[in-house]
Amino acid sequence: MTRIYVTRMIADSALARLGEIGEVRVWPEDRPVPREILIQEAAEADAMLTILTEQIDSTLLAATPRLKVISNVAVGYDNIDVHAASQRRLPIGNTPGVLTETTADLAFALMLAAARRLPEGEQYVKQGHWTTWSPSLLLGRDLYGATLGIIGFGRIGQAVARRAHGFSMRVIYHGGRAQAEIPAEQRPLDDLLRESDFISLHVPLKPETQRLIGTRELSLMKPTAILVNTARGSVIDPVALYVALRSGRIWAAALDVTDPEPIPLSDPLLTLPNCLIVPHLGSATVATREKMAHRAVDNVLAGLRGERLPYCVNPDIYE
Ligand code: GLV
């Protein structure tokens with residue numbers, strides 16, 4: 001009997017496809033699977049469908065004799081020790097493509113919300129401070145005509161660039177591929193940091209992108225700069241960010257991702273009016289989450305059949 005372990009409830013229609021080929025066990029709670037349970041379940045599974053709160057490390061992988069595929073319901077896969085998986089030729093799947101536009105929408109929503117101070121405006125109204133129209137109330141910054149620096153010009157970074165052109169923004173980028181159809185100029189990182197009014201991060205988390213934005217990088221930005229992170233929290237040094245926001249070294253930040261996640265209520269970033277934080281919602285739309293679940297199931301089914309995963313992050317195992 002084929003056993004498939006699913007670490008969080010996903011779309012019913014996707015689960016039903018798994019049910020046709022084996023016994024499906026789903027962690028029923030809306031919190032990460034406790035480590036002991038994850039290890040137990042993984043030890044008996046032929047396939048696992050995971051989300052990014054599950055740490056799939058070498059210790060766990062060492063105790064999974066039957067496992068033929070791990071399919072992460074995310075485009076990022078920094079929760080998985082891919083190197084350890086590759087060493088035993090275990091394919092790891094992800095869900096690129098289907099969440100690109102949805103995540104780019106959120107990056108844009110964060111840029112607009114931070115630039116136009118929407119969270120502060122909402123609090124102002126709900127707390128009863130709105131007594132008159134004021135020429136100096138909650139003045140923000142224009143996206144229109146501003147320079148957007150995109151760090152990580154992959155699928156999502158480019159989708160953000162396409163939206164930026166609708167706002168007549170000038171787009172510059174660092175890292176990733178040039179695309180002839182998207183007008184954008186490549187820059188060394190430091191030049192991008194100096195020139196940009198908005199900086200949006202779209203790099204995967206890797207050793208070389210860990211703390212990519214720290215004190216030095218923040219000190220190069222304009223005092224009017226707005227930093228947006230929909231990538232991974234650890235790409236930014238949170239202490240350096242706090243200092244930069246608090247001292248007015250940069251103007252604002254909008255974060256969909258934090259380090260750690262969830263951000264503790266005691267984190268000083270939560271005290272800053274110029275730091276907007278939402279709970280990792282990049283791909284969070286009904287349609288996109290359903291597409292991600294199906295893409296992840298495509299990977300599980302291929303892996304169980306011994307076929308190449310359609311969306312594989314370690315394709316070198318097939319060589
Ligand atoms: C979400 O963060 C993802 O990587 O899909």
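The views below are taken from a predicted model.

**View 1. Helix H11 against the sheet.**
Helix H11, residues 286–304, lies across strands E1, E3, E4 and E5. The direction of helix H11 is at about 175 degrees to that of strand E4. Another helix, H2, which spans residues 35–44, lies across E1, E2 and E3. Helix H2 runs at about 155 degrees to E1.

**View 2. The order of strands in the open sheet.**
The sheet is open and consists of 5 strands, arranged in the order E2-E1-E3-E4-E5 with parallel pairing. At the edges stand strand E2 (23–26) and strand E5, each of which pairs on one side only. Strand E1, made of residues 3–6, runs parallel to E3 and is joined to E3 by 3 bridges. Within this part of the sheet, tyrosine 5 stands opposite methionine 48 of E3.

**View 3. Strand E4 and the strands that pair with it.**
Strand E3 (residues 47–50) pairs with E4 in the parallel sense, and the pairing comprises 4 bridges. Leucine 49 has serine 71 of E4 as its bridge partner. With strand E5 (residues 92–93), strand E4 forms 2 bridges, again in the parallel sense. Here isoleucine 70 has isoleucine 92 of E5 as its bridge partner. Between E4 and E5 the chain passes through helix H4 (residues 82–87), and this β-α-β crossover is right-handed. Which residues of strand E4 point one way, and which the other? Val69 and Ser71 point one way from the strand, whereas Ile70 and Asn72 point the other way. All of these residues are buried.

**View 4. Aspartate 46 in the loop between H2 and E3.**
Aspartate 46 is located in the loop that connects helix H2 and strand E3. Is aspartate 46 buried or exposed? Its relative accessibility is 5%, and therefore aspartate 46 counts as buried, since buried means under 20% relative accessible area. A polar atom of the aspartate 46 side chain lies 2.7 Å from the backbone nitrogen of arginine 3. Leaving aside residues up to four places away in sequence, aspartate 46 touches Met1, Thr2, Arg3, Arg66, Leu67, Lys68, Val69 and Leu304.

Around the ligand are Leu52, Ala74, Val75, Gly76, Leu99, Arg232 and His280. An oxygen atom of the ligand lies 2.8 Å from a backbone N or O atom of valine 75. In the side chain of arginine 232, an N or O atom is 2.7 Å from an oxygen atom of the ligand. For histidine 280, a polar side-chain atom is found 2.6 Å from an oxygen atom of the ligand.

**View 5. Helix H10 and what covers it.**
At the start of helix H10, a side-chain oxygen of aspartate 237 comes to within 3.0 Å of the backbone nitrogen of valine 239. Helix H10 comprises residues 238–246, and its buried residues are Pro238, Ala240, Leu241, Tyr242, Ala244 and Leu245. An α-helix has 3.6 residues a turn, so residues three or four places apart point the same way. The elements that cover the buried residues of H10 include helix H9 (215–220) and the strands E10 (226–229), E11 (252–255) and E12 (275–277). Glycine 248 follows H10 and has a positive phi, near 75 degrees.

Conventions. Residues numbered from 1 in each chain as written. Predicted model: local features only at pLDDT ≥ 70, side-chain atom pairs only at ≥ 80, totals over all residues. Heavy atoms only, no water. Buried < 20%, exposed > 50% of the residue type's maximum accessible area, 1.4 Å probe, protein only. Pairing = 2+ DSSP bridges. Right-handed = clockwise from strand over helix to strand, strands pointing away. Contact = heavy atoms within 4.5 Å. Axes fitted to C-alpha atoms, helices over the stretch in contact; angles between N-to-C directions. Near = heavy atom within 4 Å. Polar contact = N/O pair within 3.5 Å; in protein donor to acceptor, adjacent residues only side chain to side chain.
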